Amino acid sequence: MKIVIAITGASGAIYPRELLNFLRPSSHEISVVLTDNAQIIWKDELGELFNSEGLKLFGNKDFKAPFASGSAKYDQMVILPCSMGTLGRIAHGISNDLITRTADVFLKEKRKLILVPRDTPYHLIHVENMRLLMLAGATIIPATPSFYSKPKTVTEVANTVISRVLDQMGIGNDLMKRYEGFEI
Ligand SMILES: Cc1cc2nc3c(=O)[nH]c(=O)nc-3n(C[C@H](O)[C@H](O)[C@H](O)COP(=O)(O)O)c2cc1C
């Protein structure tokens, strides 16, 4: 598949790091776009600069990127984490950078668009924006970890979210132990 991964300035840089570490060795073509705020938060939370090895990296103002046009054949876009600012702009058709334009394209072309918002608590505008996006065909996966797999490290906690993102992308993975029920 040809996949676009967008990284915005919400907390949770560990999520795209783990997703990209999983996807890098695969045969999928991975294009990545980061907002300015995403780069700052990546450095702050992970203590390292973004590593673009094995990826196609595009600037967020680069409207020459092929996936900015619906005529280029791409399969999926994941925005991870998705700030409420970016989410709101997409929900209202404000396509003023490469990420929001690409999301606009994926919605109009009826392609898979997954947004992974991270904020808490939500206010009504957040909820209404998510509702609008779902009506337009997007998939919303809140960055909400689960604990029934008994994760032992921060990375394992993050992978409980990434595993569900990959599930929605239709990409097999064993990043977390699957729920099998339990005895009381
Ligand atoms: C340290 C830090 C953490 C942030 N965490 C979040 C967050 O979890 N969720 C969110 O929606 N915005 C968060 N923000 C705010 C966004 O970065 C801000 O709204 C920004 O304008 C988003 O721009 P972008 O979507 O272009 O990256 C955070 C900002 C900072 C500085």
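1. Basis of the note. This is a predicted model, in which local features need pLDDT of at least 70 and side-chain atom pairs count only at pLDDT 80 or more, while totals for chains, interfaces and linings use all residues. Residues are numbered from 1 along each chain as its sequence is written, and side-chain values use heavy atoms, with hydrogens and water left out.

2. Aromatic pairs. Rings of Phe, Tyr and Trp (its six-membered ring) pair if their centres lie within 6.5 Å; planes under 30 degrees apart count as stacked, over 60 as edge-to-face and the rest as tilted. Phe 67 and Tyr 74 form an edge-to-face pair, with 5.4 Å from centre to centre and 75° between the planes. Both of these residues, Phe 67 and Tyr 74, are buried (buried means under 20% relative accessible area, exposed over 50%, partly exposed in between, with a 1.4 Å probe and protein chains only). Ring pairs also link Phe 58 with Phe 67 and Tyr 74 into a cluster.

3. A pair between distant parts of the chain. The ring centres of Tyr 148 and Tyr 179 are 5.3 Å apart and their planes stand at 65°, so this pair is edge-to-face. Tyr 148 is in the loop between strand 6 (139–140) and helix 6 (154–169), whereas Tyr 179 is in the segment after helix 6, 31 residues apart. Helices (H or I, at least four residues) and strands (E, at least two) are DSSP runs, numbered from the N terminus. Tyr 148 has a relative accessible area of 41% and is therefore partly exposed.

4. Charges over rings. A charge sits over a ring if NZ of Lys or CZ of Arg is within 6 Å of the ring centre and within 35 degrees of the ring normal. Lys 2 lies over the face of Tyr 74, at 4.7 Å from the ring centre. Arg 111 lies over the face of Phe 106, at 5.3 Å from the ring centre.

5. Helix 4. Of the 11 residues of helix 4 (residues 98–108), eight are buried, so the helix is largely enclosed by the rest of the structure. Among the buried residues are Leu 98, Val 105 and Phe 106. Val 105 has 0% relative accessibility and so counts as buried; its C-alpha atom is separated by 5.6 Å from that of Gly 70, 35 residues apart along the chain. Just after helix 4, Lys 110 takes a positive phi of about 60°.

6. The ligand site. The ligand is surrounded by 13 residues, the closest being Gly 9, Thr 35, Ser 83, Thr 86 and Arg 118 (a residue is near a molecule if one of its heavy atoms lies within 4 Å of it). The shell divides into three nonpolar, seven polar and three charged residues (Ala, Val, Leu, Ile, Met, Phe, Trp, Tyr, Cys and Pro count as nonpolar, Asp, Glu, Lys and Arg as charged, and the others, Gly among them, as polar). Helix 3 gives the largest share of the shell, three residues.

7. Atoms facing the ligand. A polar side-chain atom of Thr 35 lies 2.7 Å from an oxygen atom of the ligand. For Ser 83, a side-chain N or O atom is 2.5 Å from a ligand oxygen atom. Met 84 places a backbone N or O atom 2.8 Å from an oxygen atom of the ligand.

How values were computed:
Polar contact = N/O pair within 3.5 Å; in protein donor to acceptor, adjacent residues only side chain to side chain.
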